[in-house]
Protein chains: 4
Amino acid sequence: MPKVKPETLAIRREEILQAAEICFARQGFHQTTIQDVIKQSGLSAGCIYGHFTGKEELIQAIGESRHGRDSALLALKDPSDDVLQSLRSIARAFLGDLQKEEGLRARRVALQLWAEALRDDVVRDQVVSGIRQPIALIVDLLRRGQKSGAIDPHVQPRGAARAMVAMFQGIVLQRLWGETVSTAEAMHAFDIFLAGLAARR
Amino acid sequence: MPKVKPETLAIRREEILQAAEICFARQGFHQTTIQDVIKQSGLSAGCIYGHFTGKEELIQAIGESRHGRDSALLALKDPSDDVLQSLRSIARAFLGDLQKEEGLRARRVALQLWAEALRDDVVRDQVVSGIRQPIALIVDLLRRGQKSGAIDPHVQPRGAARAMVAMFQGIVLQRLWGETVSTAEAMHAFDIFLAGLAARR
Amino acid sequence: MPKVKPETLAIRREEILQAAEICFARQGFHQTTIQDVIKQSGLSAGCIYGHFTGKEELIQAIGESRHGRDSALLALKDPSDDVLQSLRSIARAFLGDLQKEEGLRARRVALQLWAEALRDDVVRDQVVSGIRQPIALIVDLLRRGQKSGAIDPHVQPRGAARAMVAMFQGIVLQRLWGETVSTAEAMHAFDIFLAGLAARR
Amino acid sequence: MPKVKPETLAIRREEILQAAEICFARQGFHQTTIQDVIKQSGLSAGCIYGHFTGKEELIQAIGESRHGRDSALLALKDPSDDVLQSLRSIARAFLGDLQKEEGLRARRVALQLWAEALRDDVVRDQVVSGIRQPIALIVDLLRRGQKSGAIDPHVQPRGAARAMVAMFQGIVLQRLWGETVSTAEAMHAFDIFLAGLAARR
DNA sequence: GATGAATGAGCCTTCATTCAT
DNA sequence: TATGAATGAAGGCTCATTCAT
């Protein structure tokens, strides 16, 4: 029988994660010390270790929360009958998020996770699963498009979907390095790809 | 009057860098200790610090050498008159490298650098300049394609080039996370994009 | 709300300083490693660095505490109306301290500080201020003596005070090098100086 | 049969010592690295180790050379029949040297040696012997003065001599810490002492 | 003798983690 | 549960010294 409401537990956990994410976005995982997280959260070392077994778990928990938020982005799309329109609206949601300061901060952490995935299997699974979801969604859309005739039947849905996701990942990288990539510019490039999907007549 | 040829200096430097790159690919920058580099290189701490001021400089030097090797990849393309063929051959060179073990190891380090670029301005400049080069090359090809009529005049060369590079970056990420992306699959997706470039709308 | 009284903080600080002083007296500042202080204090490295930022600060803190103890010595003198007697009793307090083992150990550290003052401005200020205090006191006594007629009006109080202090410093040096300087011998020499102060010329 | 003239040997040795003294005066013994001496001398590590077994020997050699130069100072006095005049001229030589930049630099090193004497027996012997010489000289003068009636017979020559030397040492300290001690001021104080010596009539 | 690249022991310092209160 | 002083293993780096040329 927990004396403290599990709700309070979750709130405290969330506080810590938020503080950690701020630190991680600012300095990266390995430059961030637990002391930094302590200062940022206003809590104590003991308290943090009461909620997480250590720094690694903190990173993984951040990975988990990022994962959830990315999924939420996908769910925003309006279920249109026009497959190309649906793809376009997914893209637009993604690119729009990338222009906002908060979205950018989240991507800074994401890039850390992408690198961390090379060493931490838990993180790699999070990252990979975070990519398979949109790929599966797009594959599904493409198949429907092929059925309806909107998309060239020679297109391999899996490869095309993977490439689209790859393109967005690359754009995230470039944005993070300070390159200017406007939503219009990126949508233009995306439309080229969509044109290719529909091209063979 | 140095008894040892200045040549030896460069060789020793290269030895250290190679050892460091192996360690970095294996464990990442921040998990790699100087002690690791010492063991890997068979040299001593003092010797390494005689050639590099510290770990940061070691990372930057690795970034510099990666930079050089990536540029070399671009130079391999045969200067064909057919713009689309040229783009395809650039893509093929890139993707081929990605299937080789050595290419993959180099990309593991590259991903570390991509993340490091968020914190180290020297690395960021290296990374950014390493991306502007292929973009400029592709922009040039696209312009020529538009002149010759092979490419849709509505295409914005800059955005399209950026998107192509982004796509390759994303594919690198996915490969590094253990996803299977065959050259054929990636070339197929690339061809979709090329079709979009050529499409009359 | 600290669970531990701030008092404990000061006690711990004092423990560290005492350990450091023992080490410094034994081996000098630069031969003493933090490791030595750790062993002597029975504490851990982290603990010491929680109270002092490094060795330099430790040295300065030692300088500060020496400073305080020296001031205390001066305060011991009984405020007699006879200026020469007052000077003599200051001298006696000083020389007496120099015969005790503890006083000698403290002087060993003081000599280190004297040398350190050449390089560390904080220490130099401590040392200089530690010398200006007795000089000011003696100047004051001499002026009073001149008013009362006990001391030759031609005497320049500042220079004479400085010379007296210098004499004591030199005696400290000689004692530290193992020379035998008895209190009687030193007092005899001091009396010669006092005789000079009183002399009609 | 040495292939190189022993003269050359000595010259090289002197070069090294001069470079070392400059470094030592600037940064102290323990802040000075052999590398510093190498740079200052323009020679190589191996060369220095060909002439000295290590840093400690270098310090001791510096101590030895200081020793010699101080003795030289004493020899400058003109052998007057007036004992008080002789003492005064010794004092003047000493104090004059202290106003010159070069004399000050030498004293900076001397202070290092004074501190070093606590730990290095060779240095302590040098320092002590460097003090006994002037003391012996002054004792001799005082005895002669007592014979001639110029100096109070109650004066204990040994203690008085020691005190005079002590006074000069203290003045050196104060000068090194940046205090302004003019020759006139110091001579005035010295004269007070001399007056004390002659005082009892 | 002279050179200077290389050595490696050992120093200072950090920081993830623990535990008595 | 929360606190935060204390721990101590381990990392980055320096520098006196050596030795092949």
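In this predicted model, a phosphate oxygen of DNA strand E lies 3.1 Å from a side-chain N or O atom of B:H51. Two further side chains approach phosphate oxygens of DNA strand E: a polar side-chain atom of B:S44 is found at 2.9 Å, and an N or O atom in the side chain of A:Y49 at 2.8 Å.

These contacts belong to a wider surface. There are 32 residues around DNA strand E, and those that come nearest are A:I34, A:Y49, B:R12, B:G46 and C:Y49. The surface near DNA strand E is made up of 13 nonpolar, 14 polar and five charged residues. At least two of its residues are supplied by each of the following helices: α3 (45–51) of chain A, of chain B and of chain C, and, in chain D, both α1 (6–27) and α3 (45–51).

In general, a rotation about an axis and a shift along it relate two copies of a chain. Here, chain A is superposed on chain B by a rotation of 180° with a shift of 0.0 Å along the axis, at an RMSD of 0.1 Å. The two copies are therefore related as by a two-fold rotation axis. Where they meet, 98% of the interface residues of chain A are interface residues in chain B as well, so the copies use the same surface.

How much area is buried between chain A and chain B? The value is about 4300 Å², with 64% given by carbon and sulfur atoms. In chain A, the residues that lose the most area to chain B are A:L118, A:R162 and A:W177, which together account for 18% of what that side buries. In terms of contacts, 50 residues of chain A touch 51 residues of chain B.

Six salt bridges are found between chain A and chain B; in one salt bridge, the side chain of A:R162 meets that of B:E185 at 3.8 Å, N to O. On the side of chain A that touches chain B, two or more residues come from each of α6 (101–116), α7 (121–148), α8 (157–176) and α9 (183–198). Of these, α8(A) gives the most, with 14 residues. By class, that side of chain A has 26 nonpolar, 14 polar and ten charged residues.

Note on methods: Residues are numbered from 1 along each chain as its sequence is written. Chains are lettered from A and ligands numbered from 1 in the order in which they are written. This is a predicted model: local features need pLDDT of at least 70, side-chain atom pairs count only at pLDDT 80 or more; totals for chains, interfaces and linings use all residues. Side-chain values use heavy atoms; hydrogens and water are left out. A residue is near a molecule or strand if one of its heavy atoms lies within 4 Å of it. A polar contact is a pair of N or O atoms within 3.5 Å; within protein, one must be able to donate a hydrogen and the other to accept it, and residues adjacent in sequence count only if both atoms are side-chain atoms. Helices (H or I, at least four residues) and strands (E, at least two) are DSSP runs, numbered from the N terminus. Ala, Val, Leu, Ile, Met, Phe, Trp, Tyr, Cys and Pro count as nonpolar, Asp, Glu, Lys and Arg as charged, and the others, Gly among them, as polar. Copies are superposed by least squares on the C-alpha atoms of residues with pLDDT of at least 70 in both. Contact means heavy atoms within 4.5 Å. Buried area is the accessible area (1.4 Å probe) that two parts lose on being put together, summed over both. A salt bridge is a side-chain nitrogen of Lys or Arg within 4 Å of a carboxyl oxygen of Asp or Glu.
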